[in-house]
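Q: Could you take a close look at one part of this model, the place where its domains meet, and describe it carefully?

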Amino acid sequence: MAEPSLLILGGTSLAANLARVISSLKLRAVYSLAGRTEPTSTPDMEIRTGGFGGAYALADYLKRENFTAVIDATHAHAAGISANARAACTQAGVALLRLQEPPWVMVPGDNWIDAADITEARDKAAEIASRVFVSTGRQAMEDFADDPRSWWLARVIAPGADLPELSNGEYVYARGPFDLVEELALLRDHDIGAIISKYAGGTATYAKIAAARQLAIPVVMIARPVSNDAEQAETVAEAVTWLQKVL
Ligand code: NAP
């Protein structure tokens, strides 16, 4: 019988935390990254980088490499890879767990404005503020490149040829996790009147939400994609328990 082995679909702080715990277990594990940015540190296990080439190719990879289980610990908004993981695991007969932190909960003082997607978020933010902090990552920057309605401060991890020039805005380069003091300073220093954020969860990027509350700045919140019907876990401990059950 093949040795039990695990594929972790990563790219988040939660995935890195999971990998740290898994690396101490006697188990073959592979950590997979999309490869959009250069990681600052990688877990102590086999790493693979780059897309698989869609759901069928991922299913082939799972079968070829004899994986027993997959933990999809990608970002809540990484809907493409999650859907592929669901389809591929079904096809390959491999156990799948979706690990993601629970979504943030509104507390008194929060002013969140719902948006279905990045375009709606941009339009809503432009209506209410002349200077907007865009904290949604590098993927949709074309939407802001030539929009003169507001000044856009876009935070991304690092420069890259994929980033269009912002005719009315600028980039700030930084990698989370972020703390409240630095988020308050960023918002104040740039006189920000609204934030665009993906509706995520966990602590790594929550400080901007707390800072917005403190400064009474509205947050235009882009809805989470609907999660697929894979088994769900919210913590590393729950994921490890699941793994022990399926291996
Ligand atoms: P996505 O739209 O779901 O993924 C696009 C494609 O990238 C996937 O179809 C897959 O290519 C490849 N891919 C994504 N994650 C991968 C992984 N862990 N290992 C190997 N291939 C992967 O995802 P995204 O929103 O572009 O996010 C890309 C990565 O950045 C994810 O791993 C995610 O965890 C991380 N991230 C995303 C966000 C966000 O806001 N979306 C925030 C923080 C971190 P193929 O179809 O060719 O297999």
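A: What follows describes the interface between the domains.

This is a predicted model, in which local features need pLDDT of at least 70 and side-chain atom pairs count only at pLDDT 80 or more, while totals for chains, interfaces and linings use all residues. Residues are numbered from 1 along each chain as its sequence is written, and side-chain values use heavy atoms, with hydrogens and water left out.

The chain falls into domain 1 (5-101 + 225-246) and domain 2 (112-222), with bounds that come from an automatic or database domain assignment. The centres of the two domains, taken over C-alpha atoms, are 28 Å apart. Where they meet, nine residues of domain 1 are in contact with twelve residues of domain 2, contact meaning heavy atoms within 4.5 Å.

Between them, domain 1 and domain 2 bury about 770 Å², and carbon and sulfur atoms give 56% of that area; buried area is the accessible area (1.4 Å probe) that two parts lose on being put together, summed over both. Of the area that domain 1 buries against domain 2, T37, H77 and E101 supply 55%, more than any other three residues.

The side of domain 1 that touches domain 2 is made up of one nonpolar, five polar and three charged residues, where Ala, Val, Leu, Ile, Met, Phe, Trp, Tyr, Cys and Pro count as nonpolar, Asp, Glu, Lys and Arg as charged, and the others, Gly among them, as polar. Across this interface the rule finds zero salt bridges, a salt bridge being a side-chain nitrogen of Lys or Arg within 4 Å of a carboxyl oxygen of Asp or Glu.
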